[in-house]
Amino acid sequence: MTAETSAAPGLGGTAWEELVTAALLGTDRRGGVGLAAGRERKDAAAALLDEAALHTVHRRAGLRPGPAAAPPEQAQPDPRPALPAAARQRLALLLSDRPGVGGSGRRGTAPDLTELLPQWLTAANAHGYAAPPELLPALLDAARGRTDLRPPALEFAGPRALWLARLNAEWKFALRTTPGGSALPAPEDTEAVGRLWEEGLFAERVALLGLVRAHDAGAARRLLESTWSTERAEDRLMFLDSLRTGLAQDDEPFLERALSDRSRNVRTTAAELLSALPGSALAGRMARRAATSIALDATRSSITVEAPHECDPGMERDGVVAAAPPGRGQRAWWLGQLVESAPLAAWPARLGGRTPHEIVALPVADDWQGELHAAWCRAAVRQRDAEWARALLGAAASPGAGGPGAVSLSERAKLLGTLPAGERAEWVASFIAAHGLSEAFQLLGVCAVPWSVPLGGAVVDALNIARDAGSYPWSFSGVMGLAERCLEPGAAGRLEALTATPDETEDGAPGAGGYWAEAFQRLVGTLRLRAVMREELVG
(Lines give C-alpha, C1' and ligand atoms only; values in the text may rest on other atoms or scores of the structure.)
Protein backbone atom coordinates (compact mmCIF):
# COMPACT_ATOMS: atom_id res chain seq x y z
CA MET A 1 0.00 0.00 0.00
CA THR A 2 1.19 3.52 -0.76
CA ALA A 3 1.23 6.75 1.23
CA GLU A 4 -1.75 7.95 -0.79
CA THR A 5 -4.04 5.09 0.25
CA SER A 6 -2.98 4.13 3.76
CA ALA A 7 -1.78 5.62 6.96
CA ALA A 8 1.92 6.38 6.89
CA PRO A 9 4.10 4.98 9.67
CA GLY A 10 4.61 7.55 12.39
CA LEU A 11 1.93 9.91 11.07
CA GLY A 12 -0.82 9.22 13.55
CA GLY A 13 -2.55 6.49 11.57
CA THR A 14 -4.82 8.73 9.52
CA ALA A 15 -5.18 7.86 5.82
CA TRP A 16 -4.90 10.62 3.21
CA GLU A 17 -8.46 9.95 2.01
CA GLU A 18 -9.77 10.53 5.54
CA LEU A 19 -7.98 13.86 5.72
CA VAL A 20 -9.49 14.92 2.37
CA THR A 21 -12.96 13.84 3.47
CA ALA A 22 -12.65 15.74 6.76
CA ALA A 23 -11.50 18.86 4.91
CA LEU A 24 -14.44 18.68 2.48
CA LEU A 25 -17.14 17.97 5.10
CA GLY A 26 -15.69 20.05 7.93
CA THR A 27 -14.12 18.82 11.15
CA ASP A 28 -17.24 19.61 13.15
CA ARG A 29 -19.25 17.11 11.11
CA ARG A 30 -16.54 14.58 10.49
CA GLY A 31 -14.92 14.64 13.88
CA GLY A 32 -11.29 14.88 14.85
CA VAL A 33 -8.37 13.35 13.07
CA GLY A 34 -5.55 11.28 14.43
CA LEU A 35 -2.45 13.05 15.73
CA ALA A 36 1.16 12.13 15.35
CA ALA A 37 2.70 10.45 18.37
CA GLY A 38 4.00 12.79 21.06
CA ARG A 39 2.05 15.84 19.83
CA GLU A 40 -0.36 17.74 22.06
CA ARG A 41 -3.98 17.80 21.01
CA LYS A 42 -5.09 21.01 19.36
CA ASP A 43 -8.39 22.09 17.94
CA ALA A 44 -9.64 19.83 15.17
CA ALA A 45 -8.98 22.24 12.26
CA ALA A 46 -5.36 22.88 13.28
CA ALA A 47 -4.82 19.17 13.78
CA LEU A 48 -6.17 18.49 10.29
CA LEU A 49 -3.73 20.97 8.72
CA ASP A 50 -0.79 19.56 10.70
CA GLU A 51 -1.61 16.04 9.63
CA ALA A 52 -2.01 17.09 5.96
CA ALA A 53 1.36 18.84 6.03
CA LEU A 54 3.09 15.74 7.40
CA HIS A 55 1.44 13.51 4.81
CA THR A 56 2.49 15.88 2.02
CA VAL A 57 6.14 15.74 3.05
CA HIS A 58 5.95 11.96 3.31
CA ARG A 59 4.38 11.57 -0.12
CA ARG A 60 6.93 13.81 -1.85
CA ALA A 61 9.85 12.09 -0.11
CA GLY A 62 8.57 8.73 -1.24
CA LEU A 63 8.34 9.51 -4.96
CA ARG A 64 10.52 7.41 -7.19
CA PRO A 65 12.38 9.23 -9.98
CA GLY A 66 10.93 8.62 -13.41
CA PRO A 67 12.96 7.56 -16.42
CA ALA A 68 15.19 10.27 -17.82
CA ALA A 69 13.90 11.96 -20.97
CA ALA A 70 15.96 11.63 -24.11
CA PRO A 71 18.22 14.64 -24.58
CA PRO A 72 17.22 16.97 -27.44
CA GLU A 73 18.99 16.63 -30.74
CA GLN A 74 21.98 18.88 -31.17
CA ALA A 75 21.32 22.24 -32.82
CA GLN A 76 22.54 22.70 -36.36
CA PRO A 77 25.87 24.54 -36.52
CA ASP A 78 25.87 28.16 -37.66
CA PRO A 79 28.74 28.60 -40.12
CA ARG A 80 28.62 32.40 -40.15
CA PRO A 81 31.48 34.38 -38.57
CA ALA A 82 31.22 35.42 -34.93
CA LEU A 83 30.52 38.99 -33.89
CA PRO A 84 33.47 41.18 -32.95
CA ALA A 85 33.82 41.41 -29.16
CA ALA A 86 32.75 45.05 -28.97
CA ALA A 87 29.66 44.39 -31.08
CA ARG A 88 28.74 41.43 -28.85
CA GLN A 89 28.89 43.65 -25.78
CA ARG A 90 26.78 46.26 -27.56
CA LEU A 91 24.11 43.71 -28.42
CA ALA A 92 23.97 42.55 -24.81
CA LEU A 93 23.43 46.15 -23.73
CA LEU A 94 20.71 46.74 -26.34
CA LEU A 95 18.88 43.59 -25.28
CA SER A 96 19.09 44.44 -21.59
CA ASP A 97 17.43 47.82 -22.07
CA ARG A 98 13.69 48.02 -21.46
CA PRO A 99 11.22 50.59 -22.84
CA GLY A 100 10.69 53.51 -20.49
CA VAL A 101 7.45 54.37 -18.86
CA GLY A 102 7.29 57.85 -20.36
CA GLY A 103 5.39 58.89 -23.47
CA SER A 104 6.75 60.06 -26.79
CA GLY A 105 7.59 63.44 -25.23
CA ARG A 106 10.15 61.87 -22.91
CA ARG A 107 12.77 64.09 -21.28
CA GLY A 108 16.40 63.29 -20.63
CA THR A 109 19.48 63.07 -22.79
CA ALA A 110 20.17 59.30 -22.87
CA PRO A 111 19.59 57.54 -26.22
CA ASP A 112 16.61 55.21 -26.43
CA LEU A 113 18.36 51.87 -26.95
CA THR A 114 15.17 49.95 -27.75
CA GLU A 115 14.74 52.05 -30.89
CA LEU A 116 18.31 51.33 -32.01
CA LEU A 117 18.02 47.54 -31.85
CA PRO A 118 16.28 47.16 -35.26
CA GLN A 119 19.02 49.21 -36.95
CA TRP A 120 21.73 47.21 -35.21
CA LEU A 121 20.20 43.91 -36.34
CA THR A 122 19.87 45.13 -39.94
CA ALA A 123 23.53 46.21 -39.98
CA ALA A 124 24.70 42.94 -38.38
CA ASN A 125 22.76 40.94 -40.98
CA ALA A 126 24.35 42.98 -43.76
CA HIS A 127 27.76 41.89 -42.43
CA GLY A 128 26.63 38.24 -42.26
CA TYR A 129 27.43 37.66 -38.59
CA ALA A 130 26.11 34.82 -36.45
CA ALA A 131 24.30 35.59 -33.19
CA PRO A 132 26.17 34.79 -29.95
CA PRO A 133 24.53 31.63 -28.52
CA GLU A 134 24.30 33.02 -24.99
CA LEU A 135 22.25 36.00 -26.22
CA LEU A 136 19.73 34.02 -28.26
CA PRO A 137 17.14 33.69 -25.44
CA ALA A 138 17.12 37.45 -24.84
CA LEU A 139 16.94 38.09 -28.59
CA LEU A 140 13.95 35.77 -28.99
CA ASP A 141 12.24 37.37 -25.99
CA ALA A 142 12.68 40.78 -27.60
CA ALA A 143 11.28 39.53 -30.92
CA ARG A 144 8.32 37.91 -29.14
CA GLY A 145 7.27 41.28 -27.77
CA ARG A 146 7.89 43.29 -30.97
CA THR A 147 6.67 41.99 -34.30
CA ASP A 148 8.76 44.59 -36.16
CA LEU A 149 11.88 42.91 -34.77
CA ARG A 150 11.02 39.40 -35.88
CA PRO A 151 12.32 39.37 -39.50
CA PRO A 152 15.79 40.82 -38.71
CA ALA A 153 16.03 39.01 -35.36
CA LEU A 154 15.25 35.59 -36.82
CA GLU A 155 17.62 36.15 -39.72
CA PHE A 156 20.37 37.05 -37.26
CA ALA A 157 19.53 34.19 -34.88
CA GLY A 158 19.85 31.61 -37.65
CA PRO A 159 19.14 27.86 -37.27
CA ARG A 160 19.64 27.88 -33.51
CA ALA A 161 16.51 30.01 -33.13
CA LEU A 162 14.42 27.15 -34.54
CA TRP A 163 16.12 24.67 -32.22
CA LEU A 164 15.32 26.83 -29.20
CA ALA A 165 11.77 27.55 -30.37
CA ARG A 166 11.00 23.84 -30.39
CA LEU A 167 11.93 23.73 -26.69
CA ASN A 168 10.01 26.81 -25.55
CA ALA A 169 6.39 27.46 -26.47
CA GLU A 170 6.83 31.20 -25.93
CA TRP A 171 9.10 31.32 -28.98
CA LYS A 172 6.89 29.29 -31.31
CA PHE A 173 6.41 32.38 -33.51
CA ALA A 174 9.84 31.51 -34.96
CA LEU A 175 8.47 28.19 -36.20
CA ARG A 176 5.53 29.88 -37.93
CA THR A 177 7.55 32.52 -39.74
CA THR A 178 10.87 30.90 -40.56
CA PRO A 179 11.50 28.55 -43.51
CA GLY A 180 12.64 25.24 -42.11
CA GLY A 181 10.60 25.63 -38.91
CA SER A 182 8.30 22.84 -37.85
CA ALA A 183 5.29 24.71 -39.24
CA LEU A 184 6.78 26.10 -42.45
CA PRO A 185 8.71 23.84 -44.78
CA ALA A 186 11.12 25.12 -47.36
CA PRO A 187 9.13 26.42 -50.36
CA GLU A 188 11.01 24.06 -52.71
CA ASP A 189 9.78 21.02 -50.78
CA THR A 190 6.57 20.53 -52.75
CA GLU A 191 5.53 17.39 -50.86
CA ALA A 192 5.82 19.04 -47.44
CA VAL A 193 4.19 22.22 -48.74
CA GLY A 194 1.24 20.26 -50.10
CA ARG A 195 0.84 18.30 -46.87
CA LEU A 196 0.85 21.41 -44.68
CA TRP A 197 -1.53 23.18 -47.06
CA GLU A 198 -3.99 20.30 -46.72
CA GLU A 199 -3.57 19.67 -43.00
CA GLY A 200 -2.24 22.85 -41.40
CA LEU A 201 -3.99 25.40 -39.20
CA PHE A 202 -5.31 28.54 -40.85
CA ALA A 203 -2.48 30.79 -39.60
CA GLU A 204 0.09 28.25 -40.82
CA ARG A 205 -1.56 28.09 -44.23
CA VAL A 206 -1.62 31.88 -44.59
CA ALA A 207 2.08 32.05 -43.70
CA LEU A 208 2.85 29.16 -46.03
CA LEU A 209 1.04 30.75 -48.97
CA GLY A 210 2.94 34.00 -48.45
CA LEU A 211 6.24 32.13 -48.27
CA VAL A 212 5.58 30.17 -51.47
CA ARG A 213 4.27 33.27 -53.25
CA ALA A 214 7.52 35.14 -52.55
CA HIS A 215 9.49 32.16 -53.91
CA ASP A 216 7.32 31.14 -56.88
CA ALA A 217 4.22 33.21 -57.63
CA GLY A 218 2.73 30.65 -59.99
CA ALA A 219 3.19 27.77 -57.57
CA ALA A 220 1.38 29.73 -54.84
CA ARG A 221 -1.51 30.51 -57.14
CA ARG A 222 -1.83 26.85 -58.17
CA LEU A 223 -1.74 25.85 -54.51
CA LEU A 224 -4.61 28.21 -53.77
CA GLU A 225 -6.60 27.05 -56.79
CA SER A 226 -6.34 23.43 -55.66
CA THR A 227 -8.57 24.01 -52.61
CA TRP A 228 -10.35 27.26 -53.55
CA SER A 229 -13.83 25.78 -53.90
CA THR A 230 -13.72 24.18 -50.44
CA GLU A 231 -12.40 27.18 -48.47
CA ARG A 232 -14.59 29.33 -46.22
CA ALA A 233 -15.40 32.83 -47.51
CA GLU A 234 -13.36 34.60 -44.81
CA ASP A 235 -10.41 32.30 -45.53
CA ARG A 236 -10.68 32.86 -49.28
CA LEU A 237 -10.42 36.60 -48.65
CA MET A 238 -7.22 36.27 -46.62
CA PHE A 239 -5.67 33.87 -49.12
CA LEU A 240 -6.59 36.11 -52.06
CA ASP A 241 -4.86 39.04 -50.41
CA SER A 242 -1.55 37.16 -50.58
CA LEU A 243 -1.60 37.52 -54.38
CA ARG A 244 -0.68 41.19 -54.02
CA THR A 245 2.91 39.99 -53.76
CA GLY A 246 4.22 39.39 -57.26
CA LEU A 247 0.90 40.25 -58.91
CA ALA A 248 1.21 39.62 -62.66
CA GLN A 249 -0.85 39.07 -65.78
CA ASP A 250 -0.66 35.30 -65.24
CA ASP A 251 -2.95 35.76 -62.22
CA GLU A 252 -5.76 37.25 -64.33
CA PRO A 253 -7.69 34.05 -65.24
CA PHE A 254 -7.93 33.00 -61.59
CA LEU A 255 -8.89 36.50 -60.43
CA GLU A 256 -11.47 36.80 -63.20
CA ARG A 257 -13.13 33.62 -61.94
CA ALA A 258 -13.05 35.04 -58.40
CA LEU A 259 -15.28 37.90 -59.62
CA SER A 260 -18.16 35.40 -59.50
CA ASP A 261 -17.45 34.37 -55.91
CA ARG A 262 -20.32 34.10 -53.46
CA SER A 263 -18.66 36.58 -51.08
CA ARG A 264 -18.89 40.28 -51.91
CA ASN A 265 -15.62 40.98 -50.10
CA VAL A 266 -13.83 38.36 -52.18
CA ARG A 267 -15.29 39.85 -55.38
CA THR A 268 -14.21 43.34 -54.34
CA THR A 269 -10.65 42.25 -53.58
CA ALA A 270 -10.39 40.32 -56.84
CA ALA A 271 -11.59 43.39 -58.74
CA GLU A 272 -9.05 45.61 -56.96
CA LEU A 273 -6.23 43.25 -57.89
CA LEU A 274 -7.38 43.06 -61.51
CA SER A 275 -7.58 46.84 -61.73
CA ALA A 276 -3.91 46.96 -60.72
CA LEU A 277 -3.20 45.05 -63.96
CA PRO A 278 -3.79 47.71 -66.66
CA GLY A 279 -3.90 45.03 -69.35
CA SER A 280 -6.65 42.97 -67.71
CA ALA A 281 -10.10 42.54 -69.20
CA LEU A 282 -11.64 44.13 -66.10
CA ALA A 283 -9.45 47.22 -66.51
CA GLY A 284 -10.68 47.51 -70.08
CA ARG A 285 -14.31 47.26 -69.01
CA MET A 286 -13.78 49.91 -66.34
CA ALA A 287 -12.04 52.18 -68.86
CA ARG A 288 -15.03 52.00 -71.20
CA ARG A 289 -17.46 52.76 -68.38
CA ALA A 290 -15.37 55.65 -67.05
CA ALA A 291 -15.01 57.09 -70.56
CA THR A 292 -18.79 57.51 -70.80
CA SER A 293 -18.65 59.71 -67.68
CA ILE A 294 -15.54 61.83 -68.38
CA ALA A 295 -15.04 63.96 -71.49
CA LEU A 296 -13.82 67.34 -72.76
CA ASP A 297 -16.35 70.13 -73.19
CA ALA A 298 -17.18 71.69 -76.53
CA THR A 299 -14.20 74.05 -76.31
CA ARG A 300 -11.91 71.13 -75.41
CA SER A 301 -10.44 73.26 -72.63
CA SER A 302 -12.12 71.79 -69.56
CA ILE A 303 -13.45 68.46 -68.32
CA THR A 304 -17.12 67.64 -67.98
CA VAL A 305 -18.44 64.88 -65.76
CA GLU A 306 -21.64 62.87 -66.07
CA ALA A 307 -21.62 60.42 -63.19
CA PRO A 308 -23.37 57.04 -63.61
CA HIS A 309 -27.10 57.05 -62.96
CA GLU A 310 -27.22 53.42 -61.85
CA CYS A 311 -25.00 50.59 -60.68
CA ASP A 312 -25.90 47.70 -62.97
CA PRO A 313 -25.18 44.00 -62.26
CA GLY A 314 -22.11 44.07 -64.52
CA MET A 315 -20.60 46.88 -62.47
CA GLU A 316 -21.32 45.02 -59.25
CA ARG A 317 -19.69 41.86 -60.61
CA ASP A 318 -16.61 43.93 -61.43
CA GLY A 319 -16.31 45.06 -57.84
CA VAL A 320 -18.30 48.29 -57.74
CA VAL A 321 -20.01 48.56 -54.34
CA ALA A 322 -23.53 49.81 -54.89
CA ALA A 323 -24.27 51.26 -51.45
CA ALA A 324 -22.45 54.52 -50.76
CA PRO A 325 -21.02 55.14 -47.28
CA PRO A 326 -22.71 57.75 -45.07
CA GLY A 327 -22.05 61.30 -46.26
CA ARG A 328 -21.18 60.33 -49.85
CA GLY A 329 -23.42 60.93 -52.82
CA GLN A 330 -24.32 57.71 -54.56
CA ARG A 331 -23.43 58.80 -58.09
CA ALA A 332 -20.13 60.31 -56.92
CA TRP A 333 -19.38 57.05 -55.12
CA TRP A 334 -19.92 55.02 -58.29
CA LEU A 335 -17.90 57.45 -60.38
CA GLY A 336 -14.92 57.28 -58.02
CA GLN A 337 -14.86 53.49 -58.16
CA LEU A 338 -14.95 53.46 -61.97
CA VAL A 339 -12.17 56.02 -62.35
CA GLU A 340 -9.84 54.47 -59.76
CA SER A 341 -10.17 51.10 -61.49
CA ALA A 342 -9.61 52.37 -65.03
CA PRO A 343 -6.07 52.28 -66.52
CA LEU A 344 -4.48 55.71 -66.27
CA ALA A 345 -2.86 55.13 -69.64
CA ALA A 346 -6.30 55.45 -71.26
CA TRP A 347 -6.87 59.10 -70.26
CA PRO A 348 -4.44 60.96 -72.54
CA ALA A 349 -6.20 59.62 -75.66
CA ARG A 350 -9.59 60.36 -74.14
CA LEU A 351 -8.63 63.92 -73.14
CA GLY A 352 -7.04 65.36 -76.26
CA GLY A 353 -3.62 63.70 -76.18
CA ARG A 354 -2.53 65.66 -73.12
CA THR A 355 0.11 64.57 -70.63
CA PRO A 356 -0.87 63.71 -67.04
CA HIS A 357 0.37 67.15 -65.88
CA GLU A 358 -1.76 68.89 -68.54
CA ILE A 359 -4.80 66.75 -67.72
CA VAL A 360 -4.56 67.50 -63.99
CA ALA A 361 -4.26 71.23 -64.77
CA LEU A 362 -7.56 71.27 -66.69
CA PRO A 363 -10.55 72.83 -64.92
CA VAL A 364 -13.37 70.41 -64.07
CA ALA A 365 -16.96 71.58 -64.37
CA ASP A 366 -19.65 71.51 -61.71
CA ASP A 367 -17.45 70.99 -58.66
CA TRP A 368 -16.42 67.47 -59.69
CA GLN A 369 -12.69 68.21 -59.48
CA GLY A 370 -12.23 66.91 -55.94
CA GLU A 371 -13.94 63.59 -56.67
CA LEU A 372 -12.17 63.10 -60.00
CA HIS A 373 -8.68 63.96 -58.78
CA ALA A 374 -9.05 61.89 -55.61
CA ALA A 375 -9.99 58.88 -57.77
CA TRP A 376 -6.96 59.49 -59.98
CA CYS A 377 -4.82 59.57 -56.82
CA ARG A 378 -6.08 56.13 -55.80
CA ALA A 379 -5.49 54.84 -59.33
CA ALA A 380 -1.91 56.17 -59.37
CA VAL A 381 -1.16 54.42 -56.08
CA ARG A 382 -2.81 51.16 -57.13
CA GLN A 383 -1.10 51.09 -60.53
CA ARG A 384 2.23 52.39 -59.19
CA ASP A 385 2.24 55.13 -61.84
CA ALA A 386 4.99 57.63 -60.94
CA GLU A 387 4.18 60.07 -63.76
CA TRP A 388 0.59 60.50 -62.61
CA ALA A 389 1.73 60.67 -58.99
CA ARG A 390 4.05 63.60 -59.85
CA ALA A 391 1.23 65.40 -61.61
CA LEU A 392 -1.18 64.95 -58.72
CA LEU A 393 1.38 65.87 -56.05
CA GLY A 394 2.28 69.12 -57.79
CA ALA A 395 5.14 71.30 -56.59
CA ALA A 396 6.05 70.78 -52.95
CA ALA A 397 6.35 74.52 -52.36
CA SER A 398 2.97 75.41 -53.86
CA PRO A 399 0.33 76.88 -51.53
CA GLY A 400 -1.09 74.13 -49.43
CA ALA A 401 1.39 71.77 -51.07
CA GLY A 402 -1.38 69.27 -51.47
CA GLY A 403 -1.34 69.10 -55.23
CA PRO A 404 -4.53 69.25 -57.25
CA GLY A 405 -5.80 65.85 -56.19
CA ALA A 406 -4.10 64.91 -52.93
CA VAL A 407 -6.89 65.58 -50.49
CA SER A 408 -5.06 64.54 -47.34
CA LEU A 409 -1.65 63.87 -45.87
CA SER A 410 -2.38 60.18 -46.24
CA GLU A 411 -3.01 60.61 -49.98
CA ARG A 412 0.22 62.56 -50.39
CA ALA A 413 2.19 59.93 -48.50
CA LYS A 414 0.75 57.18 -50.70
CA LEU A 415 1.54 59.10 -53.88
CA LEU A 416 5.10 59.67 -52.69
CA GLY A 417 5.45 55.93 -52.19
CA THR A 418 5.27 55.44 -55.96
CA LEU A 419 8.34 57.65 -56.59
CA PRO A 420 12.00 56.57 -56.51
CA ALA A 421 13.62 57.00 -53.09
CA GLY A 422 15.82 59.93 -54.08
CA GLU A 423 13.00 61.88 -55.69
CA ARG A 424 10.73 61.16 -52.74
CA ALA A 425 13.29 62.57 -50.30
CA GLU A 426 13.83 65.65 -52.47
CA TRP A 427 10.09 66.39 -52.61
CA VAL A 428 9.68 66.03 -48.83
CA ALA A 429 12.73 68.23 -48.22
CA SER A 430 11.19 70.95 -50.40
CA PHE A 431 7.87 70.54 -48.59
CA ILE A 432 9.53 71.00 -45.19
CA ALA A 433 11.54 74.01 -46.38
CA ALA A 434 8.32 75.66 -47.55
CA HIS A 435 5.84 74.59 -44.88
CA GLY A 436 7.79 73.46 -41.81
CA LEU A 437 7.30 70.26 -39.86
CA SER A 438 3.73 70.58 -38.65
CA GLU A 439 2.40 68.29 -41.41
CA ALA A 440 5.61 66.48 -42.34
CA PHE A 441 5.63 63.54 -39.91
CA GLN A 442 3.58 61.21 -42.09
CA LEU A 443 5.52 62.22 -45.21
CA LEU A 444 8.84 61.52 -43.49
CA GLY A 445 7.61 58.03 -42.68
CA VAL A 446 7.70 57.02 -46.37
CA CYS A 447 11.27 58.23 -46.93
CA ALA A 448 14.18 55.79 -47.15
CA VAL A 449 16.49 55.44 -44.14
CA PRO A 450 19.00 56.92 -43.55
CA TRP A 451 17.64 60.21 -44.83
CA SER A 452 19.46 61.85 -47.70
CA VAL A 453 21.66 64.84 -46.87
CA PRO A 454 19.17 67.41 -48.31
CA LEU A 455 16.26 65.86 -46.41
CA GLY A 456 18.19 65.63 -43.16
CA GLY A 457 19.32 69.23 -43.56
CA ALA A 458 15.74 70.40 -44.13
CA VAL A 459 14.56 68.63 -40.98
CA VAL A 460 17.38 70.08 -38.85
CA ASP A 461 16.77 73.58 -40.22
CA ALA A 462 13.05 73.35 -39.46
CA LEU A 463 13.72 72.10 -35.93
CA ASN A 464 16.15 74.95 -35.39
CA ILE A 465 13.57 77.48 -36.57
CA ALA A 466 10.98 76.01 -34.21
CA ARG A 467 13.47 76.12 -31.35
CA ASP A 468 14.42 79.75 -31.97
CA ALA A 469 10.74 80.71 -32.19
CA GLY A 470 10.06 79.21 -28.75
CA SER A 471 7.48 76.86 -30.26
CA TYR A 472 5.68 74.40 -28.05
CA PRO A 473 8.36 71.68 -28.05
CA TRP A 474 6.36 68.54 -27.32
CA SER A 475 4.54 68.84 -30.65
CA PHE A 476 7.85 68.05 -32.40
CA SER A 477 8.75 65.00 -30.30
CA GLY A 478 7.63 62.59 -33.03
CA VAL A 479 9.89 64.21 -35.61
CA MET A 480 12.73 64.28 -33.08
CA GLY A 481 12.31 60.55 -32.53
CA LEU A 482 12.43 59.94 -36.28
CA ALA A 483 15.54 62.10 -36.58
CA GLU A 484 17.34 60.02 -33.94
CA ARG A 485 16.81 56.90 -36.05
CA CYS A 486 16.93 58.31 -39.58
CA LEU A 487 19.51 61.12 -39.73
CA GLU A 488 22.97 60.23 -40.98
CA PRO A 489 25.30 59.95 -37.95
CA GLY A 490 27.63 62.47 -39.60
CA ALA A 491 25.08 65.22 -38.89
CA ALA A 492 26.02 65.18 -35.17
CA GLY A 493 28.75 67.78 -35.61
CA ARG A 494 26.37 70.29 -37.14
CA LEU A 495 23.87 69.77 -34.35
CA GLU A 496 26.34 70.36 -31.53
CA ALA A 497 25.66 74.11 -31.49
CA LEU A 498 21.95 73.45 -30.85
CA THR A 499 22.51 71.56 -27.59
CA ALA A 500 22.83 74.76 -25.52
CA THR A 501 19.74 76.04 -23.74
CA PRO A 502 18.28 78.95 -25.75
CA ASP A 503 16.95 82.13 -24.17
CA GLU A 504 13.27 82.09 -23.37
CA THR A 505 11.12 84.21 -25.68
CA GLU A 506 8.24 86.37 -24.47
CA ASP A 507 5.58 84.39 -26.28
CA GLY A 508 7.36 81.03 -26.11
CA ALA A 509 6.12 77.98 -24.24
CA PRO A 510 7.29 77.90 -20.59
CA GLY A 511 10.26 75.59 -20.16
CA ALA A 512 10.63 75.13 -23.89
CA GLY A 513 14.31 76.08 -23.91
CA GLY A 514 15.29 73.33 -21.48
CA TYR A 515 13.33 70.75 -23.40
CA TRP A 516 14.88 71.75 -26.73
CA ALA A 517 18.38 71.56 -25.19
CA GLU A 518 17.73 68.07 -23.83
CA ALA A 519 16.13 66.92 -27.08
CA PHE A 520 19.11 68.08 -29.17
CA GLN A 521 21.56 66.59 -26.65
CA ARG A 522 19.74 63.28 -26.91
CA LEU A 523 19.75 63.54 -30.71
CA VAL A 524 23.48 64.23 -30.86
CA GLY A 525 24.21 61.44 -28.37
CA THR A 526 22.11 58.98 -30.35
CA LEU A 527 23.78 59.86 -33.66
CA ARG A 528 27.22 59.43 -32.13
CA LEU A 529 26.21 56.12 -30.61
CA ARG A 530 24.98 54.92 -34.00
CA ALA A 531 28.35 55.87 -35.51
CA VAL A 532 30.16 53.87 -32.82
CA MET A 533 27.85 50.90 -33.42
CA ARG A 534 28.78 50.92 -37.10
CA GLU A 535 32.49 50.90 -36.27
CA GLU A 536 32.06 48.06 -33.78
CA LEU A 537 30.47 45.86 -36.43
CA VAL A 538 33.42 46.40 -38.75
CA GLY A 539 35.67 44.96 -36.03
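Which residues form one aromatic cluster? They are Phe-476, Tyr-515, Trp-516 and Phe-520.

## Basis of the model

This is a predicted model, in which local features need pLDDT of at least 70 and side-chain atom pairs count only at pLDDT 80 or more, while totals for chains, interfaces and linings use all residues. Residues are numbered from 1 along each chain as its sequence is written, and side-chain values use heavy atoms, with hydrogens and water left out.

## Aromatic pairs and charges over rings

Rings of Phe, Tyr and Trp (its six-membered ring) pair if their centres lie within 6.5 Å; planes under 30 degrees apart count as stacked, over 60 as edge-to-face and the rest as tilted. The count by this rule is ten aromatic pairs. Trp-120 and Phe-156 are edge-to-face, because their ring centres are 5.5 Å apart and their planes stand at 85°. Both Trp-120 and Phe-156 are buried (under 20% relative accessible area, 1.4 Å probe, protein chains only).

A charge sits over a ring if NZ of Lys or CZ of Arg is within 6 Å of the ring centre and within 35 degrees of the ring normal. Arg-150 lies over the face of Phe-173, 4.4 Å from the ring centre, and Arg-236 over that of Trp-228, at 5.9 Å.

## Nonpolar cores

A nonpolar core is a set of buried Ala, Val, Leu, Ile, Met, Phe, Trp, Tyr and Cys residues joined through side-chain atoms within 4.5 Å. The largest has 107 residues, and those with the most contacts inside it include Ile-303, Trp-347 and Leu-455. Apart from this core lies another, of 34 residues, among them Ala-87, Leu-95, Leu-117 and Ala-153.

Conventions. Buried means under 20% relative accessible area, exposed over 50%, partly exposed in between (1.4 Å probe, protein chains only).
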